[in-house]
Amino acid sequence: MVTTIEILCFDGFEELDAIGPYETLQVAASRGVSLDVSLVTLEARDRVTAANGLRIDPDGVLSVAAPPDVVVVPGGGWNDRGSAGAWAEAERGAVPDALAGLHDAGTTLAAVCTGGMLLARAGVLDGRPAVTHAGALDDLREAGAEVVDARYVDDGDVLTAGGITAGLDLALRLIERLADAETADAVATHMEYEWRA
């Protein structure tokens, strides 16, 4: 059975938050893990511009009608309260609403960096252990999460990771869950990355 993983992109997302997990998961797929990984947006768009100017052509839209197994949510733009990024998406409300609905439908949510704040706005981190970028830990605490000092937190149907490069660790944890530790280690070795499991 194929595990569907959709990485939700929006204007102002932090590049490595999304592309790091994307590459890590695709390496696992190339090694035989049955994954279908795609970059998606909430609404149909031809192009998305990330925080540092990277432009991507998304693969499609978030599968709300037929929920994916996992949605990865990047951060970016939270701490500066920019007009694009996680803060802007939280204020608009459509992304948190969609994430809450997907979680209710059984989708596992995995957030990188301040993508965790979008999960908090969705109401899925209330009273749960979680982590985010160091610059947003107070916001996460105020949102009702139990802040943990960790590279990533796996709380079953919700996973969160610290800032930016911690998304690689989160993706490797997903591979460990979906395949096994040996495969995750092999992917980390291939990527010449010291996985902090």
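## Strand β2 and its partners

Thr 41 stands opposite Val 61 of β5. This pairing belongs to the parallel contact between β2 and strand β5 (residues 60-61), which two bridges join. The model that shows these features is a predicted one.

Strand β2 also pairs with strand β1 (residues 3-8), in the parallel sense and over six bridges. Within that pairing, Leu 8 has Val 40 of β2 as its bridge partner. Strand β2 (residues 35-41) is largely enclosed by the rest of the structure, because six of its seven residues are buried.

## The sheet and the helices packed on it

How many strands does the open sheet have, and in what order? The sheet has seven strands, in the order β5-β2-β1-β6-β7-β11-β10, and its pairing is mixed. Strands β5 and β10 are the edge strands, each pairing on one side only. Strand β10 pairs with β11 in the antiparallel sense over three bridges, and Thr 160 of β11 is the bridge partner of Val 153.

Helix α1 packs on the sheet and touches β1, β2, β6 (70-73) and β7 (108-112). The direction of α1 makes about 160° with that of β2. Helix α3 also packs on the sheet, where it touches β1, β6, β7 and β11. For α3, the direction makes about 155° with that of β6.

## Packing of α6 against α7

Two packed helices are described by the angle between their axes and by the distance between the axes. For α6 and helix α7 (residues 181-190), the angle is about 145° and the axes are 7 Å apart. The crossing of α6 and α7 is right-handed. On the α6 side the contact is made by Leu 172, Ile 175 and Glu 176, and on the α7 side by Ala 181, Thr 183, Ala 184, Val 187 and Ala 188.

## Salt bridges

The count of salt bridges comes to twelve. One of them joins Arg 128 to Asp 157, with the closest N and O atoms 2.5 Å apart. Arg 128 lies in the loop between α4 (115-121) and β8 (129-130), and Asp 157 in the loop between β10 (152-154) and β11 (158-161), so this pair ties together parts that are 29 residues apart in sequence. Are these two residues buried or partly exposed? Arg 128 counts as buried, at 17% relative accessibility, whereas Asp 157 counts as partly exposed at 30%.

A salt bridge also forms between the side chains of Arg 151 and Asp 169, at 2.7 Å from N to O. This pair links distant parts of the chain, with Arg 151 in the loop between β9 (146-147) and β10 and Asp 169 in helix α6 (residues 166-178), 18 residues apart. Asp 169 counts as buried because its relative accessibility is 0%.

In a further salt bridge, the side chains of Asp 154 and Arg 173 meet at 2.7 Å, N to O. Asp 154 lies in strand β10 and Arg 173 in helix α6, so the pair ties together parts that are 19 residues apart in sequence. Asp 154 is partly exposed at 27% relative accessibility, and Arg 173 is partly exposed with a relative accessible area of 21%. Asp 154 and Arg 173 are linked with Glu 176 and Arg 177 in a network of salt bridges. Glu 176 is also one of the α6 residues that make the contact with α7.

His 103 is placed in helix α3 (residues 94-104). Its relative accessible area is 16%, so His 103 is buried. Not counting residues up to four places away in sequence, His 103 touches Leu 109, Val 124, Arg 128, Asp 157 and Val 158. Among these, Arg 128 and Asp 157 are themselves joined by a salt bridge.

Where does Thr 114 lie? Thr 114 is in the loop between β7 and α4. Thr 114 is buried because its relative accessible area is 2%. Leaving aside neighbours within four places in sequence, Thr 114 is in contact with Gly 75, Gly 76, Trp 78, Asn 79, Ala 86, Thr 132, His 133 and Ala 136.

How values were computed: Residues are numbered from 1 along each chain as its sequence is written. This is a predicted model: local features need pLDDT of at least 70, side-chain atom pairs count only at pLDDT 80 or more; totals for chains, interfaces and linings use all residues. Side-chain values use heavy atoms; hydrogens and water are left out. A salt bridge is a side-chain nitrogen of Lys or Arg within 4 Å of a carboxyl oxygen of Asp or Glu. Helices (H or I, at least four residues) and strands (E, at least two) are DSSP runs, numbered from the N terminus. Buried means under 20% relative accessible area, exposed over 50%, partly exposed in between (1.4 Å probe, protein chains only). Two strands pair if DSSP finds at least two bridges between them. Axes are lines fitted to C-alpha atoms, for helices over the stretch in contact, and angles run from 0 to 180 degrees between N-to-C directions. A crossing is left-handed if the near helix is turned anticlockwise from the far one by less than a right angle, and right-handed if clockwise. Contact means heavy atoms within 4.5 Å.
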